Amino acid sequence: MSVVHLQNVEILNDNAPFAADPYIFKITFECISSLKDDIEWKLIYVGSAESEAYDQELDNCMVGPVPVGVNSFEFEAAAPSPDKIPASDLLGVTVILLTASYRDAEFIRVGYYVHNAYDSEELRENPPEQVDLSRVRREVLVSKPRVTRFNIKW
């Protein structure tokens, strides 16, 4: 049985410029028993479906001590580094993963599809040879998160 129950994840800027704006999450969870150690939260950007080598950990934070009850915090993570993403994967659909671990054991993972596209119909229909990141926006599909829970020893 899990000691921590994720109640809500709200992405405060689900539609933003691709490379300029950070991701900002408001995370609310309930803890049903006090925890001695901190919970580690991470945000991972999947740079390419072809290889994990392009995944980027955008940020991580430790939350604790965690009291019994409902807890909430904001987690801000920088945008991914475009130079670490294959040019062919800068536009289109990818994934971000929000994970939580206790004592190095992941107990929950929330995945969101992210659609990266030009900000105008004209550029979407006739894209330049090189991606112009100043005109690319990301849209996180917040209505369809994929939540995976893992049993761990608390």
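Are F18 and Y45 buried or exposed? F18 is buried, and Y45 is buried too. Please keep in mind that this is a predicted model. Here is a short tour of its open sheet and of its aromatic side chains.

**The sheet**
- Three strands make up an open sheet, and their order is β1-β3-β6 with antiparallel pairing.
- The edges belong to β1 (4-11) and β6 (69-77); each has a single partner strand, so one side of each is left without a neighbour in the sheet.
- From one strand to the next, the twist averages 20 degrees.
- β1 and β3 (residues 23-31) run antiparallel and are joined by seven bridges.

**Aromatic pairs**
- Searching the whole structure turns up seven aromatic pairs.
- One of them is formed by F18 and Y45: the ring centres are 6.4 Å apart and the planes stand at 70 degrees, so the pair is edge-to-face.
- Elsewhere, F29, W41 and F73 are linked into a cluster by ring pairs.

**A charge over a ring**
- The face of Y23 has R138 lying over it, at 3.8 Å from the ring centre.

Technical notes. Residues numbered from 1 in each chain as written. Predicted model: local features only at pLDDT ≥ 70, side-chain atom pairs only at ≥ 80, totals over all residues. Heavy atoms only, no water. Pairing = 2+ DSSP bridges. Helix = DSSP H or I, 4+ residues; strand = E, 2+ residues; numbered from the N terminus. Axes fitted to C-alpha atoms, helices over the stretch in contact; angles between N-to-C directions. Phe/Tyr/Trp six-rings, centres within 6.5 Å; stacked < 30°, edge-to-face > 60°. Buried < 20%, exposed > 50% of the residue type's maximum accessible area, 1.4 Å probe, protein only. Lys NZ or Arg CZ within 6 Å of the ring centre and 35° of its normal.
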